[in-house]
Amino acid sequence: VWKGWVLIGSVGHAVLNGICSVSVDQTVGEGPSGGDSSHNERPADNQNKVAQAQGAAVALRQRGAAKPILLLEGFFGADELPLFSQHRLSAVVHGVEQIAMLESAKIAAPIEVYLKLNTGMNRLGIAPEQLPRALERLRDCPRVAGIVLMSHFADADGAGGIGGQLQ
């Protein structure tokens, strides 16, 4: 159910039948091939985008924004998690290494996560065979306040576009 989320990193969104559709420019963390799922290092050219998105989210909170804020790029290091906790920011989890970061994090309050499933576009996300264990680990993690499943469409660029996938 759409809750009036503020989506940081998006250039547009639409809601149809309870589905939030997000249109983004090149997503932070995607390599030139669009399939780089490594989260152990921040690509140098994306560090500024990460800092800008996180700064924008914190600024919204400081101006009194009370609605949930989702950072689409998620987090790339455990050192970022206190910021998410302190400012009640939600993060997209794209890989199992991020789950390990959450499991060992020292944060004041748990955060809500969006677990991203790779459904075929290979733009980051947990592989389908990893999903059951990833969900189990997140459910067992006291640093996780809630879990929402998300994904890219399997084929947004094909002849049928996203319209057929929404039916």
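Visitor: How many salt bridges does a search of the whole structure find?

Guide: Side chains of opposite charge can pair when their charged atoms come close. In this predicted model, the search of the whole structure gives 2 salt bridges.

Visitor: Which side chain meets that of Glu 103 in a salt bridge?

Guide: Glu 103 pairs with Arg 137, at an N to O distance of 2.7 Å. This pair joins distant parts of the chain, since Glu 103 belongs to helix H3 (residues 96-104) and Arg 137 to helix H4 (residues 131-140), 34 residues apart.

Visitor: Is Arg 137 buried or exposed?

Guide: Arg 137 has a relative accessible area of 19% and is therefore buried, the cut-off being under 20%.

Visitor: With which residue does Glu 136 form a salt bridge?

Guide: The partner of Glu 136 is Arg 133, and their closest N and O atoms are 3.5 Å apart. Both residues lie in helix H4, separated by 3 residues, about one turn of the helix. Glu 136 is partly exposed, with a relative accessible area of 40%, and Arg 133 is likewise partly exposed, at 48%.

Visitor: Turning to the backbone, what is the phi of Arg 88?

Guide: Phi of Arg 88 is near 55 degrees, which is a positive value in a residue other than glycine.

Visitor: Where is Arg 88 found?

Guide: Arg 88 is located in the loop that runs between helix H2 (81-86) and strand S5 (89-93).

Conventions:
Residues numbered from 1 in each chain as written. Predicted model: local features only at pLDDT ≥ 70, side-chain atom pairs only at ≥ 80, totals over all residues. Heavy atoms only, no water. Helix = DSSP H or I, 4+ residues; strand = E, 2+ residues; numbered from the N terminus. Salt bridge = Lys/Arg side-chain N within 4 Å of Asp/Glu carboxyl O. Buried < 20%, exposed > 50% of the residue type's maximum accessible area, 1.4 Å probe, protein only.
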